[in-house]
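Here's a quick walk through a protein–RNA model. Have the sequence and the 3D view open as you read.

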Amino acid sequence: MRVRREKMAAFEAQGIEPFARKYDVTIHADEVLAKFEALEGQTVRIAGRIMAVRGHGKTSFVHLMDMSGKVQAYFRQDVVGEVEYEKFKLLDIGDIIGIEGVVFKTQRGEISLKTTSFEILAKSLRPLPEKWHGLKDVETRYRQRYLDLIVNPDVRNTFVTRSKIIKSLRSILDKRDYLEVETPMMHPIAGGAAARPFITHHNALDMDLFLRIAPELYLKRLIVGGFERVYEVGRVFRNEGISVRHNPEFTIVELYQAYSDYQDLMCLTEDIVSGIALEVLGTTQITYQGQEINLAPPWNRMTMTEAVKKYTDVDFDAITTIEEARSIADTLGVRYEKKNGIGGILNNIFEDKVEEHLIQPTFIIGHPTEISPLAKRNKDNPEITDRFEVFIFARELANGFSELNDPIDQEGRFASQVEQRESGDDEAHMMDHDYVNALEYGLPPTGGLGIGIDRLVMLLTDSPSIRDVLLFPHMRHKE
RNA sequence: GACUCACUAGCUCAACUGGCAGAGCAACUGACUCUUAAUCAGUAGGUUCGGGGUUCGAUUCCCCGGUGUGUCACCA
């Protein structure tokens, strides 16, 4: 670093700013390579970071990397001149420079630029990680993502793909006449999911606010307001553990469609996920962590009790008392709590015994009402709801249901959530009178859906950890 | 939060049972006008994550702490 500062000073001594103001770029690296025949012999201007230098006395080669890729530049003392060539020798790997040069092909056949002039645009005062092995230390990769992006091209690709996935999602929904909206991130009442919230404080109003755990209740207010199709892509915050598939803030898309039910939204979910895969990857047949996964619709559909029966041989539809449910859970070695009813125990068994088997895309439907306080009850069985969850590679990817639009039922469900909350369940819903009030004006029959974007990106980029698809994953603060 | 494994030069990694802390890349000096992990000769670079203990002697063994990986718990 000391040497690099001296080199910086050497530029300054010649009246050259080592941190420039502007460079007029006419081309990017990938275009030079792609359009070589048309460009050969022409002068172009390119800017980027020096990634490698190979000096041969009075001639040198460098690899210049820009947003699009790398291209080689060739420096000759007899072309740029003796004075300029001395300046060139002050450059380091990592420096950002602008080059004007003529497109040509070397004797070894590499498309390159014969530099006629160059400018230093930003001196790099710290050395880059090693060129061959790259940066492997995961902690440094996450804490200093910019270094990871400079030296590990795969990482860059992952985030380019992430951006394409979200663009594709928006275009699919926009084509279907969905309105993209933005709702508050700071909520007086944290609702729409079962999760512990982050708490913050508004000074002027002297009130605590919660970072949203889901946009659900606001989006449904908009359906009440007459927007028939809305969606929001945004961050939600849950004050819970961190793991390979959990980050305290993560990105979700939630959408609501009036006059539809959960069956319609299951088809929509298939269309969205397979449509994105087709547009971004060109196929619905993907490989995730060595496992072939077929995203082409239709996906498997199973009720939760069918799934439990398939993998445990227990028929929960035949169970009528909490004692029976508990005894089955005991036999299977599945834990439960006092607050769990039959539905809660069924769900625990599902999570413990079934989820791990759901590798190919699978809709699980008919969740117990007990664990679905915002979903509409099934017409034939009020103990279950018209709800679905999507599992792929044993992970929940999406959740949707026919929305509960009966304000009286909703108020009752909130009341029982509040009871659970008072008996110590801090993930149970709070009473939201304002939301019930909105329902009292009339929520049309509506289907809703939420998809975890980070998990979708993991799947489509074959990333083993959610941290690999978040530019700056949550880390402990380090001095 | 519990357990587990890891932390050595800017980066990637060595160092046997506790015995002088090393290599490659990067850097520096020199040679070299078509190289591409350029090559050749040389030079420099360390609080071995921090603190304590055991020992004649600790990168190595023990304890406490930090950060991270993984698994579990909570959850999506």
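## Reading the RNA bases

A backbone N or O atom of Q107 sits 2.7 Å from a base oxygen of RNA strand B. Keep in mind that this is a predicted model. The backbone of G57 also reaches a base: one of its N or O atoms is 3.1 Å from a base nitrogen of RNA strand B. With E427 we turn to the phosphates, as a polar side-chain atom of E427 lies 2.9 Å from a phosphate oxygen of RNA strand B.

Which elements give two or more residues to the surface near RNA strand B? They are the helices α1 (2-13) and α6 (138-143), plus the strands β1 (43-55), β2 (59-66) and β3 (69-76).

## Around the strand as a whole

Zooming out, RNA strand B is surrounded by 52 residues, and the closest are K7, K131, E139, H246 and N247. Sort the surface near RNA strand B by class and you get 25 charged, 14 nonpolar and 13 polar residues.

What do the RNA atoms within 4 Å of the protein belong to? Sugar or phosphate takes 60% of them, and bases take the rest.

## Two domains

Chain A splits into domain 1 (2-128) and domain 2, which is made of two segments, 151-299 and 360-469. Taken over C-alpha atoms, the centres of the two domains are 48 Å apart.

## The eight-stranded sheet

There's an open sheet of eight strands with mixed pairing, and its order goes β6-β10-β11-β18-β17-β16-β15-β14. At the edges you'll find β6 (179-180) and β14 (300-303), each pairing on one side only. Inside the sheet, β11 (residues 249-258) and β18 (residues 446-452) run antiparallel and are joined by seven bridges. One pair to look for is L255 with its bridge partner L449 in β18.

Helix α9 (residues 216-224) packs on this sheet, touching β10 (229-237), β11, β17 (395-402) and β18, and its direction makes about 25 degrees with that of β11. Helix α11 (residues 304-312) packs on the sheet too, where it touches β14 and β15 (362-365); its direction makes about 90 degrees with that of β14.

D313 isn't a glycine, yet its phi is positive, near 70 degrees.

Notes. Residues numbered from 1 in each chain as written. Chains lettered and ligands numbered in written order. Predicted model: local features only at pLDDT ≥ 70, side-chain atom pairs only at ≥ 80, totals over all residues. Heavy atoms only, no water. Domains from an automatic or database assignment. Pairing = 2+ DSSP bridges. Helix = DSSP H or I, 4+ residues; strand = E, 2+ residues; numbered from the N terminus. Contact = heavy atoms within 4.5 Å. Axes fitted to C-alpha atoms, helices over the stretch in contact; angles between N-to-C directions. Near = heavy atom within 4 Å. Polar contact = N/O pair within 3.5 Å; in protein donor to acceptor, adjacent residues only side chain to side chain. Nonpolar A, V, L, I, M, F, W, Y, C, P; charged D, E, K, R; others polar.
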